[in-house]
Amino acid sequence: TLVLGDAGKVLWFTAAGSLTIPANSSVAFPVGTTITIIPASAAMSINCDDTLRYLDASGSIQTGTATLNVGEVGTLYKVASTQWFLARSARPPA
């Protein structure tokens, strides 16, 4: 679960699992907060106790739990008091 101290950081995950963005009523990240997520060894799910939006493979906006795969870098943007957006990009090849 994210904490206020994660704001503005890059979080590197070396094990499989899931990440939870807590509800605004629990942890009030300021609108405009960004947090970068990098799954290093296994895909991870990102859950949000408020609303999480992201683009799927076809470019359509989805809501709910998102999966971030190894080789992707995800940046979470808090765009409103109870809304987050996940932008994903592929890691460049070595």
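Colleague: Does Trp84 count as buried or exposed?
Modeller: Buried means under 20% relative accessible area, exposed over 50% and partly exposed in between, with a 1.4 Å probe and protein chains only. Trp84 has 1% relative accessibility, so the residue counts as buried.

Colleague: What kind of model is this?
Modeller: Residues are numbered from 1 along each chain as its sequence is written, and side-chain values use heavy atoms, with hydrogens and water left out. Local features need pLDDT of at least 70, side-chain atom pairs count only at pLDDT 80 or more, and totals for chains, interfaces and linings use all residues, for this is a predicted model.

Colleague: In what order do the six strands of the open sheet stand?
Modeller: Strands are DSSP runs (E, at least two residues), numbered from the N terminus. Two of them pair if DSSP finds at least two bridges between them. The pairing in this open sheet is mixed, and the order is β1-β3-β8-β9-β5-β6.

Colleague: Which strands stand at the edges of that sheet?
Modeller: An edge strand here has a single partner strand, so one side is left without a neighbour in the sheet. This holds for β1 (10–13) and β6 (61–63).

Colleague: How many bridges pair β8 with β9?
Modeller: These strands form a hairpin with two residues between them. In β9, Ala90 stands opposite Glu72, and Trp84 stands opposite Lys78. β8 (residues 72–80) and β9 (residues 83–90) pair in the antiparallel sense, and the number of bridges is eight.

Colleague: Which residue in β8 is the bridge partner of Ile35?
Modeller: β3 and β8 run antiparallel and are joined by four bridges. The partner of Ile35 in β8 has contacts (heavy atoms within 4.5 Å) with Leu2, Leu19, Trp84 and Phe85, among others, leaving aside neighbours within four places in sequence. That partner is Leu76.

Colleague: How far apart in space are Asp49 and Ser26, C-alpha to C-alpha?
Modeller: Asp49 lies in the loop between β4 and β5 and counts as exposed at 52% relative accessibility. Asp49 touches Thr20, Ile21, Pro22 and Ala23, not counting residues up to four places away in sequence. Asp49 and Ser26 are 23 residues apart in sequence, and their C-alpha distance is 9.5 Å.

Colleague: How far apart are the ring centres of Phe29 and Trp84?
Modeller: Rings of Phe, Tyr and Trp (its six-membered ring) pair if their centres lie within 6.5 Å; planes under 30 degrees apart count as stacked, over 60 as edge-to-face and the rest as tilted. The structure holds one aromatic pair. The planes of Phe29 and Trp84 stand at 85°, so the pair is edge-to-face, and the ring centres are apart by 5.4 Å.
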